[in-house]
Amino acid sequence: MTLKSAAFGAVFLVSNAEPGVLSMVRESFAASNAIAGSTGLVREVLTTGGLPRLSGDSPGELRPAEVEAVALPALRRAVQILSAKAPGELEHYRHTVLRAGDEVARASDGVSEAEAAMLDKIRDALSTS
């Protein structure tokens, strides 16, 4: 569940770095396409089961600061888990999460400074070994 929560949390953070109701639909499709394009264990982990819970609040009350406090450490844990249990999948996971975040950022009017900054935080978290 950590791998899935971390990936979906990363997508949420990029999407909410530059919030907007209309762009949210395009961003959701962009993230879905990137995740659906993954393969193997990464695809299985990210596409099976229900949506992960991203914070302690009820589903309608997600706060970006709370999600960031959970998602970035979860990305670091995901890297550790994959390094230990499925090292061959680690680069694929990193690529999938970064691609999903990048696709979300590009889905609506190009990548903003806030989205680029969030992508950098996500990249840093995924670089942890």
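Which residues does Leu41 touch, not counting residues up to four places away in sequence? Select Leu41 and look around. Leu41 touches Ala86 and Glu89, where contact means heavy atoms within 4.5 Å.

Before going on, some ground rules. This is a predicted model, in which local features need pLDDT of at least 70 and side-chain atom pairs count only at pLDDT 80 or more, while totals for chains, interfaces and linings use all residues. Residues are numbered from 1 along each chain as its sequence is written, and side-chain values use heavy atoms, leaving out hydrogens and water.

**Stop 1**

Helices here are DSSP runs (H or I, at least four residues), as are strands (E, at least two), and they are numbered from the N terminus. Leu41 is partly exposed, at 33% relative accessibility. The scale is this: buried means under 20% relative accessible area, exposed over 50%, and partly exposed in between (1.4 Å probe, protein chains only). Now show the C-alpha atoms of Leu41 and Glu89. They are 7.1 Å apart, although 48 residues separate the two along the chain.

**Stop 1: Ser5 and Arg53**

Select Ser5, in helix α1. Ser5 counts as buried, at 16% relative accessibility. Leaving out residues up to four places away in sequence, Ser5 touches Pro52, Arg53 and Leu54.

Click on Arg53 next. Arg53 lies in the loop between α3 and α4. It is exposed, with a relative accessible area of 54%. Go back to Glu89 for a moment. Arg53 and Glu89 are 36 residues apart in sequence and 23 Å apart in space, C-alpha to C-alpha.

**Stop 2: the nonpolar core**

In soluble globular proteins, nonpolar side chains tend to be buried together. Here is how a core is defined: a nonpolar core is a set of buried Ala, Val, Leu, Ile, Met, Phe, Trp, Tyr and Cys residues joined through side-chain atoms within 4.5 Å.

The largest nonpolar core has 34 residues. Select Leu13, Val14, Leu75, Tyr93, Val97, Ile122 and Leu126, the members that touch the most others. Two or more residues of this core come from each of α1 (2-17), α2 (21-36), α3 (40-47), α4, α5 and α6.

Zoom in on Tyr93. What is Tyr93 in contact with, leaving aside its neighbours within four places in sequence? The list is Leu3, Ala6, Ala7, Val42, Leu46, Leu75, Ala78, Leu82 and Leu126.

**Stop 3**

Axes are lines fitted to C-alpha atoms, for helices over the stretch in contact, and angles run from 0 to 180 degrees between N-to-C directions.

From α4, pick Leu75, Ala78, Val79, Leu82 and Ser83; from α5, pick Leu90, Tyr93, Arg94 and Val97. By class, this contact has 7 nonpolar, 1 polar and 1 charged residues. Ala, Val, Leu, Ile, Met, Phe, Trp, Tyr, Cys and Pro count as nonpolar, Asp, Glu, Lys and Arg as charged, and the others, Gly among them, as polar.

**Stop 4: α5 against α6**

Move on to α5 (residues 90-106) and α6 (residues 113-127). Their axes come within 10 Å and cross at roughly 175°. On the α5 side, select Tyr93, Arg94, Val97, Leu98, Gly101, Asp102 and Ala105. On the α6 side, select Glu115, Leu119, Ile122, Arg123, Leu126 and Ser127. These residues divide into 7 nonpolar, 2 polar and 4 charged.

**Stop 5: salt bridges**

Side chains of opposite charge can pair when their charged atoms come close. A salt bridge is a side-chain nitrogen of Lys or Arg within 4 Å of a carboxyl oxygen of Asp or Glu. The whole structure has 4 salt bridges.

- Lys121 pairs with Glu68, with the closest N and O atoms 2.8 Å apart. Lys121 is in α6 and Glu68 is in α4 (residues 64-85), 53 residues apart.
- Arg106 pairs with Asp102, with the closest N and O atoms 2.9 Å apart. They are 4 residues apart in α5, so about one helical turn separates them.
- Asp120 pairs with Arg123, with the closest N and O atoms 3.0 Å apart. They are 3 residues apart in α6, so about one helical turn separates them.
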